[in-house]
Amino acid sequence: MIRDLAQDDLPQLLHISRSMHVESVYRNYALHEERTEYILCELILNPAVYTKGVFLNDKLIGVFLGEVSTDLWTDVQVARDIILYVLPEHRSGGQGIRLLKSFKEWAEPRADEIVISVFAGIENAALGRILDRMGYTKSGTLHMMRAA
């Protein structure tokens, strides 16, 4: 079941955040849990932010947070993901696709463009293939280098 996230979901959201952090490109840096909790709480309380979770037997197994903002250079409204993450043991069940479709449905009346970023280092190629099948087109790449 997909539903809006609430403050009561914060403990489970923090669990998801820890799991995502361990898999991400930033896994070599410490997760700042107090900041993470504060930001997640602020996002959940903001009615303009898309905050949905997918639950299985009341357990949070995936999240999608997104927002719409005006492009810096034009009046184009762009819907962007902030977080898209599904716990590894639930990725083959289509939960991520359900979250992507739900975000698209939410974003279409609010935005001119929908942008999904693929850079966390968590099954980037698989997510790219899913987005291709859903009709998204690749628009550039992201390159990273650790600073000296």
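Biologist: How do the residues lining the largest cavity divide into nonpolar, polar and charged?

Modeller: First, the classes: Ala, Val, Leu, Ile, Met, Phe, Trp, Tyr, Cys and Pro count as nonpolar, Asp, Glu, Lys and Arg as charged, and the others, Gly among them, as polar. Here we get six nonpolar, one polar and no charged. The model is predicted, so local features need pLDDT of at least 70 and side-chain atom pairs count only at pLDDT 80 or more, while totals for chains, interfaces and linings use all residues. Residues are numbered from 1 along each chain as its sequence is written, and side-chain values use heavy atoms, leaving out hydrogens and water.

Biologist: What is the order of the strands in the open sheet?

Modeller: Strands pair if DSSP finds at least two bridges between them. The five strands run 1-2-3-4-5, with mixed pairing. Strand 1 (2–4) and strand 5 (113–115) are at the edges with a single partner strand each, so one side of each has no neighbour in the sheet. Strand 2 (residues 50–56) and strand 3 (residues 59–70) are antiparallel, joined by seven bridges. On strand 3, glycine 66 stands opposite tyrosine 50.

Biologist: Which strands does helix 1 touch?

Modeller: Contact means heavy atoms within 4.5 Å. Helix 1 packs on the sheet and touches strand 2, strand 3 and strand 4 (77–86). For directions, axes are lines fitted to C-alpha atoms, for helices over the stretch in contact, and angles run from 0 to 180 degrees between N-to-C directions. The direction of helix 1 makes about 80° with that of strand 3.

Biologist: Is glycine 93 buried or exposed?

Modeller: Buried means under 20% relative accessible area, exposed over 50%, partly exposed in between (1.4 Å probe, protein chains only). Glycine 93 has 52% relative accessibility, so it counts as exposed. You'll find glycine 93 in the loop between strand 4 and helix 3 (95–107). Its C-alpha atom is separated by 30 Å from that of glutamate 42, 51 residues apart along the chain.

Definitions and conventions:
Helix = DSSP H or I, 4+ residues; strand = E, 2+ residues; numbered from the N terminus.
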